[in-house]
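Keep the structure open while you read.

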Amino acid sequence: MSLLRALLGTVRPARHAPRLAAPVPDADVLLDAPDERLAPALVAAALGDPEPAAKLLATTRDAGEWEDRDRYVTRLATFAYSRGDWLTGWVAAAPGDPDALLVTAQLAVRRAWESPARGERLRELAPLVREIAGEAPHDPVPWRLALDHARGAHAGHAVFESLWEQAVRRSPHHYGCHVAALKYLSAQWYGSHRAAFDFAEQAADDAAPDSLVGALPVRAAYDGLRVPPGPDGSAPAGRVDRAVARALALSAAFPAGDPWPAEVRNLLAYVLVERARWTEAWEEFGRIGPYATSFPWGAARGAVPEDPLLRFLAARDRVRGELGRRTPLRGTGRGRSGRGGPGGH
């Protein structure tokens, strides 16, 4: 019996770190900065040319670069959300292109998720999502999309498990598919804190040392910290702290300012701030460097959306201030104040 199957039965239906520099100045922080492969595709798309995006996704598909492929599909769909003429032209010129169809489906699912009639809109997209996934013999990314779609469409456990089995058959440790399953198992959706942590910890235990799946428990911690206590109480503090320890070790294995683990580092910094672990949070902001990410800073808090970059900078300033108050001036015992706190610019 798979771990996911066992957990679904318990829930309701449905390397040493380098010396760290101070965080970069505010003006140098970039929100969701594209890497050197994606940036030219986005520039060309802005000019109405889909060819670089098509070549990029074809390369990732042919080379089996599934993590990069997942990121690029999501980012291209996000770009097409507000500037979609290049995608419309791509589909018209190559109606059977699996990459164009995958980006189109990703965009359609996002729009359906944002609709007041989310469940109905997602159910209408089910044939498209099934078709794209069914035509991907090796690619896990359409199956990650199918998992996200199924959660919003209120798929039952049996349906979700069948999709999960197809996804991990294609890539056993794909980060995006694991995040999709973790969301389904979270207390916010169809599971519980216990189910989410059990799944995330087992996946992290099975992951390669440098795999981002190793930080999955901190994603469970983030989800747990964002929902009010339910029937199973709050997210267990001990499991949250163990998740943080795992994520700190993984982050330290990558160079500071590396864009690859940027989302995991931003997520870890968020949780460290929530846990008032100011010194470690400051060190993590140093590792993030200029690579702020929309998630988790762009996650909704209340009725009015907030700017994720402003939230990132505000959290960093809060950490600086907390550390300043806790660091006595030499010979006085008084705390520092202002922006000249530890590691200030």
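In which crossing, left-handed or right-handed, does helix 8 pass helix 10? The crossing is left-handed. The model is predicted.

**Helix 8 against helix 10**
- Helix 8 spans residues 141-152, and helix 10 spans residues 175-185.
- Their axes lie 9 Å apart and meet at an angle of about 15°.
- Helix 8 is therefore roughly parallel to helix 10, since angles under 35 degrees count as such.
- Helix 8 contributes Arg 144, Leu 147, Asp 148 and Arg 151 to the contact.
- From helix 10 come Gly 176, Cys 177, Ala 180, Lys 183 and Tyr 184.
- By type, the residues of this contact are 4 nonpolar, 1 polar and 4 charged.

**His 149**
- His 149 also belongs to helix 8.
- Its relative accessible area is 7%, so His 149 is buried; the cut-off is under 20%.
- Beyond neighbours within four places in sequence, His 149 contacts Leu 122, Arg 123, Leu 125, Ala 126 and Val 129.

**Nonpolar core**
- The largest nonpolar core holds 99 residues.
- Trp 86, Trp 90, Val 218 and Phe 285 have the most contacts inside that core.
- Trp 86 touches Ala 45, Gly 48, Asp 49, Pro 50, Ala 53, Leu 76, Phe 79 and Ala 80, leaving out residues up to four places away in sequence.

Key:
Residues numbered from 1 in each chain as written. Predicted model: local features only at pLDDT ≥ 70, side-chain atom pairs only at ≥ 80, totals over all residues. Heavy atoms only, no water. Axes fitted to C-alpha atoms, helices over the stretch in contact; angles between N-to-C directions. Helix = DSSP H or I, 4+ residues; strand = E, 2+ residues; numbered from the N terminus. Parallel < 35°, antiparallel > 145°, perpendicular 65-115°, else oblique. Left-handed = near helix turned anticlockwise from the far one by under 90°. Contact = heavy atoms within 4.5 Å. Nonpolar A, V, L, I, M, F, W, Y, C, P; charged D, E, K, R; others polar. Buried < 20%, exposed > 50% of the residue type's maximum accessible area, 1.4 Å probe, protein only. Core = buried A, V, L, I, M, F, W, Y, C linked by side-chain atoms within 4.5 Å.
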